[in-house]
Amino acid sequence: MNLQTFLDMRGMTKYRLSKISGIPKTTIIDICSGKSSLEKCSAKTVLLLAQALGCSMEEIMKMDNQLFDEETGKPMDQSYLEVELPPFLRESVQTMILAWKRKESEGYRDWDCDYCNLQSDINIAEVENLITSEQAWYLREKYLYLERPGELD
């Protein structure tokens with residue numbers, strides 16, 4: 001996971017991180033885009049990021065490592081697989097994200113209906129060739145917590 005993904009998961013903008021940490025916004029933009037490496041940042045910058053994000057300096061440094069899978073050559077951050085999803089699938093994903101949050105915070109009981117709807121929408125999009133099998137499994141793993149079955153013997 002890189003810094004941009006971490007910020008996205010927390011719903012935090014680069015501007016907000018800049019204000020909280022005191023690090024120039026341009027520096028944060030460069031780190032998030034990969035133009036600058038966390039390894040080349042000063043210890044003070046890494047410390048300020050860690051304090052602002054509520055994590056350790058070690059966790060911040062791990063965000064810079066393993067940008068690409070050595071076996072496949074694909075980016076470790078696979079959020080690109082969510083780009084340009086069909087509108088019905090994008091809406092279903094957003095509904096599931098909200099359902100997981102509501103389930104945890106207020107005991108939302110209909111989350112299983114949202115789960116089935118998302119699973120169905122992923123299947124439809126895959127069968128209709130609106131998304132690739134790789135995208136379908138990415139979405140299933142990320143939002144439905146399903147595991148891709150291994151190779152059959």
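K62 counts as exposed because its relative accessibility is 60%, where exposed means over 50%, buried under 20% and partly exposed in between, with a 1.4 Å probe and protein chains only. K62 lies in helix α5 (residues 57-62), and although K62 and E39 are 23 residues apart in sequence, their C-alpha atoms are 9.6 Å apart in space.

This is a predicted model, in which local features need pLDDT of at least 70 and side-chain atom pairs count only at pLDDT 80 or more, while totals for chains, interfaces and linings use all residues. Residues are numbered from 1 along each chain as its sequence is written, and side-chain values use heavy atoms, with hydrogens and water left out.

In helix α3 (residues 25-33), the buried residues are I28, I31 and C32. They cover an arc of only 95° around the axis (taken from the directions from the helix axis to the C-beta atoms), which puts them on the same side of α3. The face turned away from that buried side carries the exposed residues T26 and S33, and α3 is followed by G34, whose phi is positive, near 90°.

Helices here are DSSP runs of H or I with at least four residues, numbered from the N terminus.

Key:
Helices (H or I, at least four residues) and strands (E, at least two) are DSSP runs, numbered from the N terminus.
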